[in-house]
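Thank you for making time for this.

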Amino acid sequence: MKHARPLFDPATLYRIEVQGRVDVEWLQGFDSPAEISVDQTVQVEDITVLNVHTDQAGIVGLVRRLHGLGMTILQFQIVSEEE
């Protein structure tokens with residue numbers, strides 16, 4: 001396990017699918033280095049797909065904020081930078 005790569009790198013791209021609409025400007029308003037954008041190519045009624053580029057602490061904070069809003073997270077995945 002000497003060469004094991006950590007699951008969470010300092011700069012990781014995540015894709016989070018949530019039920020409902022999310023105000024990205026409000027999410028960005030927190031003291032967080034996360035870069036958050038809405039994936040406009042995925043248009044499904046009442047579902048928002050967020051592309052988030054951040055570190056592990058940033059993603060934990062974002063998930064907590066979404067939970068605090070009562071949002072249902074439908075899917076959470078780490079996206080390869082090559083995609």
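Let us begin with threonine 48, which counts as buried because its relative accessibility is 4%, where buried means under 20% relative accessible area, exposed over 50% and partly exposed in between, with a 1.4 Å probe and protein chains only. Before going on, please keep in mind that this is a predicted model, in which local features need pLDDT of at least 70 and side-chain atom pairs count only at pLDDT 80 or more, while totals for chains, interfaces and linings use all residues. Residues are numbered from 1 along each chain as its sequence is written, and side-chain values use heavy atoms, with hydrogens and water left out.

Threonine 48 sits in strand E3, residues 47-54; helices (H or I, at least four residues) and strands (E, at least two) are DSSP runs, numbered from the N terminus. Not counting residues up to four places away in sequence, threonine 48 touches Ile16, Glu17, Val18, Gly20, Arg21, Val22 and Val38, a contact being heavy atoms within 4.5 Å.

Now to the chain, which has 2 helices and 4 strands, following the pattern β-α-β-β-α-β when read along the sequence. Of its 83 residues, 31% count as buried, and among contacts between residues at least 6 apart in sequence, 72% join residues at least 24 apart.

As a counterpart, consider tryptophan 26, which lies in helix H1, residues 24-28, and which is partly exposed because its relative accessible area is 39%.
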